[in-house]
Amino acid sequence: MNQYLLQESMKPVIYELARDERIRQMSKYIQHGNTTCLRHCISVACCSLYIAEKFHLNVDKYSMVRGALLHDYFLYDWHMCKLKEFHGFHHPRIACENAKRDFELNSIEEDIIRKHMWPLTLFLPVYLETWVVSFADKYCSTVETLQRIRLACVQFYNNRRCDMK
């Protein structure tokens, strides 16, 4: 499926949430590499839709996209936390508390937000939508992290070439 169709199917959900100032706060925080939390969540939503459509999965797309857009709604810079190595264990609960406080969530959306870090969260996802978002999140996180590493390697290589001249 092409990127245009993915974005078209997401527009109503994105517009609903993007109007909210609290959602826009996610663009203040870096998630992986140089990717903001907001950009990461949008990527996870697109990837989740792609997976669902590619494999003809019978999912609630609206809830899946909303859950994906809110899955990292923790609203803090986790790189600055004292115990940042535990962020992966705790941020799903914090993101879910924030999302429940600021938005109405259905059971699928709540499950996605709470359990997207499985197996770190220990509790198995209940819904297919949660499994899809969890996989998409891991894929997008890996790509975002590797892009930063790739850029660092290219810079290192270019600097070494300049030193050799």
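Helix α3 is followed by His56, a residue whose phi is positive, near 50°. The model described here is predicted, and the mean pLDDT of its chain is 81, with 76% of the residues reaching 70 or more. Confidence in the chain is lowest in α1, where the mean is 69, and highest in α6, where it is 97.

The chain has 7 helices and 2 strands, which are arranged along the sequence in the pattern α-α-β-β-α-α-α-α-α. Of its 165 residues, 45% are buried, while the exposed surface comes to about 9,800 Å², of which carbon and sulfur atoms supply 60%. Among the contacts between residues at least 6 apart in sequence, 61% join residues at least 24 apart.

The largest nonpolar core contains 37 residues, of which Ile23, Met26, Met64, Val65, Leu69, Leu70 and Tyr73 touch the most other members. At least two residues of this core are supplied by each of α1 (3–18), α3, α4 (61–70), α5 (87–102), α6 (107–115) and α7 (128–164), and the largest share, 11 residues, comes from α3. When residues up to four places away in sequence are not counted, Leu69 touches Val13, Ile14, Leu17, Met26, Cys41, Ile42 and Ala45.

A search of the whole structure finds 10 salt bridges. In one of them, the side chains of Arg22 and Asp102 meet at 3.3 Å, N to O; Arg22 lies in helix α2 (residues 21–24) and Asp102 in helix α5, so this pair ties together parts that are 80 residues apart in sequence. Arg22 counts as partly exposed because its relative accessibility is 31%, whereas Asp102, at 13%, counts as buried. Both residues also belong to a network of salt bridges that links Asp20, Arg22, Arg101 and Asp102.

A further salt bridge joins the side chains of Glu53 and Lys61 at 3.2 Å, N to O. With a relative accessibility of 18%, Glu53 counts as buried, while Lys61, at 35%, counts as partly exposed. The side chains of Lys115 and Asp111 also meet in a salt bridge, at 2.7 Å, N to O; both residues lie in helix α6, 4 residues apart, or about one turn of the helix, and both Lys115 and Asp111 are buried.

Conventions. Residues are numbered from 1 along each chain as its sequence is written. Side-chain values use heavy atoms; hydrogens and water are left out. A nonpolar core is a set of buried Ala, Val, Leu, Ile, Met, Phe, Trp, Tyr and Cys residues joined through side-chain atoms within 4.5 Å. Buried means under 20% relative accessible area, exposed over 50%, partly exposed in between (1.4 Å probe, protein chains only). Contact means heavy atoms within 4.5 Å. pLDDT is the predictor's confidence in each residue, from 0 to 100. Accessible areas come from the Shrake-Rupley method with a 1.4 Å probe; for residues, only the protein chains shown count as cover. A salt bridge is a side-chain nitrogen of Lys or Arg within 4 Å of a carboxyl oxygen of Asp or Glu.
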